[in-house]
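Visitor: Hi, I've got a structure to look at and I'm new to this. Can you walk me through it?
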Amino acid sequence: MNAPISLPFKTATAALAGMVASLAMMLFASPARAHNGPPFPIITDQRVGPCIVSLWIHPDIGNSPIFILVDPAPGRAIPKDLKMEVGIQPVSGRLPEVLYPTSIADQRGQLEYKTDVQFDQQEFWNVRLILSSSAGGGESVAKVEATPLGYGRWDLLLFALPFLAVGFLWFKLIAKRRGRKGRVQPASFADTSLP
């Protein structure tokens with residue numbers, strides 16, 4: 001009589017299928033912009049001219065996004081002609097400052113300006129936020145270290161290794177338990193026939 005497949009075997013099979021699917025997604029994923037984490041603020045809730053600004057950056061070597069969140073200063077409104085630029089320059093002074101214009105993106109009521117800047121090597125950089133409008137202007141400066149990109153799609157495999165190792169050990173444990181159950185054989189009747 002065939003016994004139904006045990007629940008641990010079904011679970012182990014599902015886990016193995018999940019690991020194979022995860023590995024396939026990692027290996028055959030299309031390239032995307034590399035990124036080692038979310039952007040972080042280098043200027044936070046600072047008054048610059050008629051506005052309160054926060055500048056968030058993801059300082060990867062190469063193309064790096066910058067997000068500037070803008071709120072009106074207390075008792076003021078955000079000027080309609082508000083313009084922002086971001087200037088970057090190595091702290092060492094080996095390159096002249098490069099200014100990048102920003103574009104506006106309205107994010108559910110939060111005014112946000114965006115731009116992409118270029119870092120050419122790993123070092124500390126001055127990031128200068130320049131604000132101008134008919135109601136006044138100003139600037140703020142911060143420093144950030146540009147960091148190299150990760151390994152792209154291999155980062156996912158590297159970060160997934162501990163989880164894959166736990167899954168492998170769990171699968172081996174299930175297989176070992178299953179093996180013990182398979183070795184237990186029912187007692188057989190002794191052959192009582194005479195020669």
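Visitor: Okay, which residues in the largest nonpolar core touch the most other members?
Guide: Keep in mind that this is a predicted model. The core has 26 residues, and the ones touching the most other members are Val53, Leu55, Ile68, Val70 and Met84.
Visitor: Which elements give two or more residues to this core?
Guide: Those are β1 (40-48), β2 (51-57), β3 (62-72), β4 (83-90), β7 (110-119), β8 and β9 (138-145).
Visitor: Let's take Met84. What does Met84 touch?
Guide: Leaving out residues up to four places away in sequence, its contacts include Val53, Ile68, Val70, Tyr113 and Leu129.
Visitor: Where is Leu129, then?
Guide: Leu129 sits in strand β8, which covers residues 124-132.
Visitor: Is Leu129 buried or exposed?
Guide: Leu129 counts as buried because its relative accessible area is 0%, and the cut-off for buried is under 20%.
Visitor: And what does Leu129 touch?
Guide: Again skipping residues up to four places away in sequence, Leu129 touches Ile43, Val53, Leu55, Ile68 and Met84, among others. Glu85 and Glu139 are also among its contacts.
Visitor: How far apart are Leu129 and Ile88?
Guide: They're 41 residues apart in sequence and 9.0 Å apart in space, going C-alpha to C-alpha.
Visitor: New topic: the surface. Which residues make the nonpolar surface patch?
Guide: Leu158, Phe159 and Leu161 make a patch of about 320 Å². Leu158 belongs to helix α2, residues 153-183.

Notes. Residues numbered from 1 in each chain as written. Predicted model: local features only at pLDDT ≥ 70, side-chain atom pairs only at ≥ 80, totals over all residues. Heavy atoms only, no water. Helix = DSSP H or I, 4+ residues; strand = E, 2+ residues; numbered from the N terminus. Buried < 20%, exposed > 50% of the residue type's maximum accessible area, 1.4 Å probe, protein only. Contact = heavy atoms within 4.5 Å. Patch = residues over 30% accessible without salt bridge, like charges linked within 9 Å, V, L, I, M, F, W, Y side chains within 5 Å. Areas by Shrake-Rupley, 256 points an atom, 1.4 Å probe, with all protein chains shown as cover. Salt bridge = Lys/Arg side-chain N within 4 Å of Asp/Glu carboxyl O. Core = buried A, V, L, I, M, F, W, Y, C linked by side-chain atoms within 4.5 Å.
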